[in-house]
Amino acid sequence: MRFLGTILIGVSWIVLLITSLGGIAAGWLYYGYSKLDCHPMFAKSDAACSVLSTWASEHVMIAGRALMPYRGVLTSEQDILLLSALCAVGTALLIQAVHRVLVRRRKRRLGVFSDVKGFRPIDLSVDS
């Protein structure tokens, strides 16, 4: 059972990591899409574009070519894809929250010995 919990926590960390990296990539691609007139193929000779804008616009073109075969699925099934992504992130956050509550509960109950595997405190609350 402990192995299954470890697997769930690991998968939830992976989902949260992919979500954060995907957000950063989406922001970068949005920036590149807004600077698409800085791409060497579309830029005019008098355009004042920085290297960063040029790189971002090139990355938008690369991502566009990579996503082009899936264009039909991404547009027709957008609501299902968004719902499944939100459910995955929500489940990962719920797993992390439950794990954090259980760790705090164990630390409060066992004190300084909470990290010792198999440790059970002596129950002195039994009336004799």
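1. The contact of helix 1 with helix 2 brings together Trp28, Leu29, Tyr31, Gly32 and Tyr33 of helix 1 and Leu52, Ser53, Trp55, Ala56, Ser57, His59, Val60 and Ala63 of helix 2, where contact means heavy atoms within 4.5 Å and helices are DSSP runs (H or I, at least four residues) numbered from the N terminus. The residues of this contact divide into nine nonpolar, four polar and no charged; here Ala, Val, Leu, Ile, Met, Phe, Trp, Tyr, Cys and Pro count as nonpolar, Asp, Glu, Lys and Arg as charged, and the others, Gly among them, as polar.

2. This is a predicted model, in which local features need pLDDT of at least 70 and side-chain atom pairs count only at pLDDT 80 or more, while totals for chains, interfaces and linings use all residues. Residues are numbered from 1 along each chain as its sequence is written, and side-chain values use heavy atoms, with hydrogens and water left out.

3. The axes of helix 1 and helix 2 come within 7 Å and cross at roughly 105 degrees, the axes being lines fitted to C-alpha atoms, for helices over the stretch in contact, with angles running from 0 to 180 degrees between N-to-C directions. Helix 1 is therefore roughly perpendicular to helix 2, on a scale where angles under 35 degrees count as roughly parallel, over 145 as roughly antiparallel, 65 to 115 as roughly perpendicular and the rest as oblique.

4. Helix 2 covers residues 51-67, and its 17 residues should span 24 Å at 1.5 Å a residue, which agrees with the 24 Å between its end C-alpha atoms; the expected span is 1.5 Å times one less than the number of residues. Buried in helix 2 are Ser53, Thr54, Ala56, Ser57, Val60 and Ala63, and what covers these buried residues includes helix 1. Buried means under 20% relative accessible area, exposed over 50%, and partly exposed in between (1.4 Å probe, protein chains only).

5. His39 lies in the loop between helix 1 and helix 2 and is buried, with a relative accessible area of 10%. Leaving aside neighbours within four places in sequence, His39 is in contact with Ser57, Glu58 and Met61. Met61, a residue of helix 2, is partly exposed at a relative accessible area of 22%, and, with neighbours within four places set aside, is in contact with Leu36, His39, Met41 and Phe42.

6. Helix 1 also meets helix 4 (residues 78-110), and the two axes come within 9 Å and cross at roughly 130 degrees, which means that helix 1 is oblique to helix 4. The residues making this contact are Leu8, Ile9, Ser12, Trp13, Val15, Leu16 and Thr19 of helix 1 and Ala88, Val89, Ala92, Leu93, Ile95, Gln96 and His99 of helix 4. They divide into ten nonpolar, four polar and no charged.

7. Helix 4 has 33 residues and reaches 48 Å from its first C-alpha to its last, close to the 48 Å expected at 1.5 Å a residue. Its buried residues are Ala92, Gln96 and Leu110, and their cover includes helix 1. Gln96, with a relative accessible area of 14%, is in contact with Ile9, Ser12, Trp13 and Leu16 when neighbours within four places in sequence are left aside. Just after helix 4, Gly111 takes a positive phi of about 70 degrees.

Key: Helix = DSSP H or I, 4+ residues; strand = E, 2+ residues; numbered from the N terminus.
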